[in-house]
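Please keep the viewer open while you read.

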Amino acid sequence: MKVVVSGTGITNFGELWNRSLTDLAQEAINLAIKDAKISPEKIDAIFVGNMLAGNLSTQNHLGPTIASLLNLNCPAFSIESACASGGMATNLAYESIKSGKYQNVLIVGVEKMTDDPTDKVTLGLMGAASENERKMGLTFPGLYALLANVHMQKFKTTRKQLSMVAVKNHHNGSINPIAHFQNKISLEKAMQSPQIASPLNLFDCSPISDGAAAIVLSAKRDTSNDVAIVASAVATDQVELAKRVNLSELLATKIAAKNAYNQAQITPKDIDLAEVHDCFTIAEILALEDLGFEKKGQGGKFTQSGATELSGKLPINTSGGLKACGHPVGATGVKQIIEITKQLQNKAEKRQIKGAKIGLTHNVGGSGATAVVHILQI
């Protein structure tokens with residue numbers, strides 16, 4: 001028995017001021033169930049990934065709220081794991097099917113962020129950091145800037161290499177019809193954009209976005225024509241950067257990736273493409289190394305070589321990533337699954353990677369305290 005993606009649904013990502021949290025969830029759910037060709041009554045359980053509904057939408061009872069949209073009485077779980085909430089919801093749903101408890105589960109990742117002032121959203125997001133980091137006045141651009149400075153000092157990673165991540169992901173977002181940003185940017189524009197937290201500039205940072213993504217996972221025995229999740233792994237690390245052993249890596253990513261490769265019985269060389277958690281451009285460079293695609297310290301050079309572009313040997317973030325597709329935090333991990341699924345089904349249109357058979361998703365919570373890795377195969 002394997003766990004297959006039997007249906008997907010996704011809304012536009014962006015500043016969707018005329019849509020509520022439940023509006024977005026409803027749209028994604030309807031699309032996923034229609035794509036799965038099942039009736040809502042066939043859903044055995046619902047897993048909802050969300051971080052900020054209690055802070056920004058005054059809704060803390062999200063599982064039953066989503067179940068109510070379908071008039072279902074099945075178990076409905078709300079999962080919060082910071083920006084990895086969608087990936088964690090997918091992991092738990094996957095494990096529930098593998099255990100034999102459920103046959104069909106609905107996973108919804110949703111976030112409504114743009115209706116509130118930036119300072120309120122920033123305060124909510126900093127709930128994923130440590131108490132000491134909050135007391136020191138740090139925000140996530142500052143935390144990732146610390147990681148970037150360490151990597152640049154240790155491995156000579158350059159500002160140009162960081163900016164090349166942004167340029168590549170904006171190009172991919174420009175051909176993704178649901179992306180928050182559908183505009184290309186030049187390397188010069190990225191490098192000369194306003195500084196947010198040295199060395200990170202405006203175009204090194206992912207946006208505040210609204211959006212929802214939903215998938216139906218099903219237990220099937222005949223999976224010859226289906227996209228199956230063949231591995232799902234979660235790992236954690238210290239929340240506080242000051243308590244970590246090495247600031248030039250995300251240890252949770254390394255552990256989750258190793259466990260996922262072991263589950264799937266493959267190596268990093270077998271991966272055809274990946275959606276990685278590029279909340280900041282340095283995060284994509286770290287992911288390239290921590291997922292085993294390149295040696296430690298070589299992620300910037302790998303990016304500069306063009307290897308991660310659509311035409312490269314290992315396309316990364318064909319959706320545009322968090323940087324250009326957008327980052328409605330609870331939806332991101334589920335969106336990644338959808339992008340890889342469409343790629344493996346040869347349904348990614350202008351972003352299509354020819355002959356892709358195995359894809360990976362990498363979803364991170366906070367500054368790396370949580371990492372979720374999934375491997376999908378057709």
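What is the order of the nine strands in the open sheet?

1. The order is 3-2-4-7-1-8-11-10-9, and the pairing in this open sheet is mixed. Strands here are DSSP runs of E with at least two residues, helices are runs of H or I with at least four, and both are numbered from the N terminus. Two strands pair if DSSP finds at least two bridges between them. The edges are strand 3 (76-79) and strand 9 (273-275), each of which pairs on one side only. On average, neighbouring strands of the sheet are turned by 25° against each other, direction ignored.

2. A word on the basis of these notes: the model is predicted, so local features need pLDDT of at least 70 and side-chain atom pairs count only at pLDDT 80 or more, while totals for chains, interfaces and linings use all residues. Residues are numbered from 1 along each chain as its sequence is written, and side-chain values use heavy atoms, with hydrogens and water left out.

3. Do have a look at strand 1 (residues 2-10), which pairs with strand 7 in the antiparallel sense over eight bridges. Gly 9 has Ala 214 of strand 7 as its bridge partner, and Val 4 stands opposite Ser 218 in strand 7. Strand 1 also runs antiparallel to strand 8, joined to it by two bridges; there, Val 4 has Ala 228 as its bridge partner. Eight of the nine residues of strand 1 are buried (buried means under 20% relative accessible area, exposed over 50%, partly exposed in between, with a 1.4 Å probe and protein chains only).

4. Val 227 sits in the loop between strand 7 (211-220) and strand 8 (228-236). Is Val 227 buried or exposed? Val 227 counts as buried because its relative accessibility is 1%. Not counting residues up to four places away in sequence, Val 227 touches several residues, including Val 3, Val 4, Val 5, Leu 344 and Ile 378 (contact means heavy atoms within 4.5 Å).

5. Next, a pair of helices. Helix 1 (residues 21-36) and helix 3 (residues 62-69) pack with their axes 10 Å apart and at an angle of about 55°; axes are lines fitted to C-alpha atoms, for helices over the stretch in contact, and angles run from 0 to 180 degrees between N-to-C directions. That makes helix 1 oblique to helix 3, since angles under 35 degrees count as roughly parallel, over 145 as roughly antiparallel, 65 to 115 as roughly perpendicular and the rest as oblique. Helix 1 contributes Leu 21, Thr 22, Ala 25, Gln 26 and Ile 29 to the contact, and helix 3 contributes Leu 62, Thr 65, Ile 66 and Leu 69.

6. Why is helix 11 (residues 281-290) described as largely enclosed by the rest of the structure? The reason is that 10 of the 10 residues of helix 11 are buried. Among them are Glu 284, Glu 289 and Asp 290. These buried residues pack against helix 7 (140-155), helix 8 (159-173), strand 6 (200-201), helix 10, helix 12 (299-304) and strand 10. Just after helix 11, Gly 292 takes a positive phi of about 90°.

7. Finally, Gln 161 lies in helix 8. Gln 161 is buried, at 5% relative accessible area. Leaving aside neighbours within four places in sequence, the contacts of Gln 161 include Ile 285, Gly 300 and Thr 303.
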